Structure formats: C-alpha cells, structure tokens
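Hello,

Here is the structure I promised to pass on to you. Please open it first, and then read my notes below.

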Amino acid sequence: MAEPVVRVPDAKVALSTASVYPESTATAFEIAARLGYDGVEVMVWTDPVSQDIEALRRLSDYHQVPILAVHAPCLLITQRVWSTDPWTKLQRARSAAEKLGASTVVVHPPFRWQRQYARDFVTGIWRMADETDVRFAVENMYPWRYRDREMLAYAPDWDVTKDDYRHFTIDLSHTATARTDALSMVDRMGERLGHVHLADGKGSGKDEHLVPGRGTQPCAEVLERLALTGFDGHVVIEVNTRRAMSSAEREADLAEALAFTRLHLASSARVHRR
C-alpha cells in the first residue's frame with residue numbers, strides 16, 4: 001500500500017508593498033499582519049516611508065511583520081530615488097536589507113540606455129554579492145511591445161538566464177508578458193533561483209500582475225515544483241490591485257492570493273512500504 005505524503009518547504013510567503021498601490025507602504029504592513037503573511041517585501045519607490053529605514057523598522061516592529069526582502073528602485077518612476085546613480089541605489093538597497101534583517105535585494109537588469117551600467121552589470125553584481133550575506137537576486141523582465149513592434153529595453157538581456165548571476169528572481173507576470181515558458185525558465189535557473197514574484201498574466205503586451213490563478217501562467221505547477229525541490233527562498237505576492245473598488249475588495253484579492261500560494265506550495269509524494 002502507498003500513502004500520500006505532503007511536503008511543505010521552508011519558503012516564506014511575503015506580501016510586496018507594491019501589491020496595495022495606490023495605498024501606502026504602511027497599509028501593506030497592516031494588511032500583511034491581518035491576513036497572516038509571513039513578511040513583506042518593501043518596494044522602494046516614491047512613497048517616502050519606503051525609503052526611510054527607521055520608519056520601516058518601526059512598522060515592522062509594531063505589526064510584528066518581518067521585512068524579508070528589499071526591491072531596489074529600478075523602475076522608470078524611481079530614477080531619482082536614492083540617487084540617480086544605479087550603483088548607489090544598489091548600495092543603499094544592500095545597506096537597507098542589512099539593517100532591516102532582509103535576506104534578499106531584488107534588482108532588475110539595466111535599461112539599454114544605461115550603457116556603462118549595463119556593460120559592468122554582471123561583474124558588478126558579483127562584486128556586490130561577494131561583499132555581503134544578502135542575496136542580489138536578478139529578476140527576469142520582458143520585451144516592450146506596442147502593436148506589432150517590439151523593443152528590447154533591457155541589457156544585457158531581459159532573459160536573465162542568458163547571463164551568469166549568483167541568484168535569480170523569477171516573476172510569473174513577466175514570463176507572461178515575455179511569452180516565455182515559465183517552467184523552462186525555472187529549470188534554467190536551477191539552484192540559483194532564490195526568490196519568486198508570484199502573479200499571473202495572460203500574455204498581453206502589458207505587465208498585468210494578476211492574482212495567481214486568473215491568467216494563463218503555470219503558477220500552481222511552479223509552486224508545486226518549488227515544494228518538490230525543497231525551495232528555501234521567499235515567495236512574494238506581487239499583484240496589481242489598483243482596480244479594486246474598495247479596501248475590502250483589495251484585501252479579498254490579497255487573501256485569495258495567499259490561500260492559493262499556501263495551497264500549492266506543497267508537493268505530494270508517495271512512500272512505498274516494502
């Protein structure tokens with residue numbers, strides 16, 4: 001006879017503060033605590049609280065919600081946050097992670113017009129990773145599309161598995177936008193996959209960040225594979241709730257995303273008795 005065995009990895013499920021936009025960073029801590037998330041990932045952006053180490057520490061302590069990761073300010077709208085120099089941004093993100101007890105800094109590959117930064121990016125990330133215990137997990141991106149036109153906006157490449165990094169972040173909304181196979185990307189990342197941004201998408205030209213299960217991405221299959229391999233990084237819910245008609249609707253979406261993740265972040269195996 002065989003009996004099912006459920007394996008649940010040590011991975012923690014965190015809420016990205018970006019998931020509550022246009023609500024504040026502080027609101028993300030409140031919701032994470034109320035819904036029972038294991039922690040938060042702080043998206044450093046134009047909200048002053050997201051840039052303030054002491055304010056973040058107070059929020060974490062008050063709500064008893066640990067900060068598990070810091071997302072460096074890599075977006076177009078954050079080009080002037082924490083300096084206009086991209087390496088200074090990463091140094092400040094590393095310092096923030098160290099002071100806040102976060103294990104991971106998430107970073108995007110450079111924009112192609114950041115030529116010098118892009119030229120030195122791979123070696124520079126290795127150099128910074130050698131200087132700290134914090135993981136620099138480089139995130140997969142996607143080509144920009146408009147109608148039938150495609151622009152390669154990231155360098156060295158939007159597909160970060162084409163370059164040599166110590167740790168990767170996989171984002172399943174980005175795999176949808178790139179129209180690439182998420183499970184194949186997970187396989188290419190292998191043991192260097194250190195961080196997950198869980199969201200869904202339908203393969204449109206927009207970076208949709210849907211609640212997991214509402215698009216076409218293999219969100220459940222990816223989570224089950226992580227469980228099977230004993231993944232010990234963080235799974236971060238990074239979804240778009242800006243169309244929510246109320247705070248209650250936003251919170252319901254984030255509760256659904258958490259339930260989906262915990263349900264599938266387990267693998268069933270069979271132990272055969274002799």
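In which sense do strand 6 and strand 9 pair, and over how many bridges? Strand 6 (residues 135–139) and strand 9 (residues 167–171) pair in the parallel sense, over three bridges. Two strands pair if DSSP finds at least two bridges between them; strands (E, at least two residues) and helices (H or I, at least four) are DSSP runs, numbered from the N terminus. A137 has H167 in strand 9 as its bridge partner.

A word on the basis: the model is predicted, so local features need pLDDT of at least 70 and side-chain atom pairs pLDDT 80 or more, while totals for chains, interfaces and linings use all residues. Residues are numbered from 1 along each chain as its sequence is written, and side-chain values use heavy atoms, without hydrogens and water.

Eight strands close into a barrel, with parallel pairing, in the order 2-3-4-5-6-9-10-11.

Now to the aromatic rings. Rings of Phe, Tyr and Trp (its six-membered ring) pair if their centres lie within 6.5 Å; planes under 30 degrees apart count as stacked, over 60 as edge-to-face and the rest as tilted. The count comes to 12 aromatic pairs. In one of them, the rings of W87 and Y117 have centres 5.0 Å apart and planes at 85°, so this pair is edge-to-face. W87 sits in helix 3 (residues 86–100) and Y117 in helix 4 (residues 115–129), 30 residues apart. W87 counts as buried at 15% relative accessibility, and Y117 does at 8%; buried means under 20% relative accessible area, exposed over 50%, partly exposed in between (1.4 Å probe, protein chains only).

Best wishes
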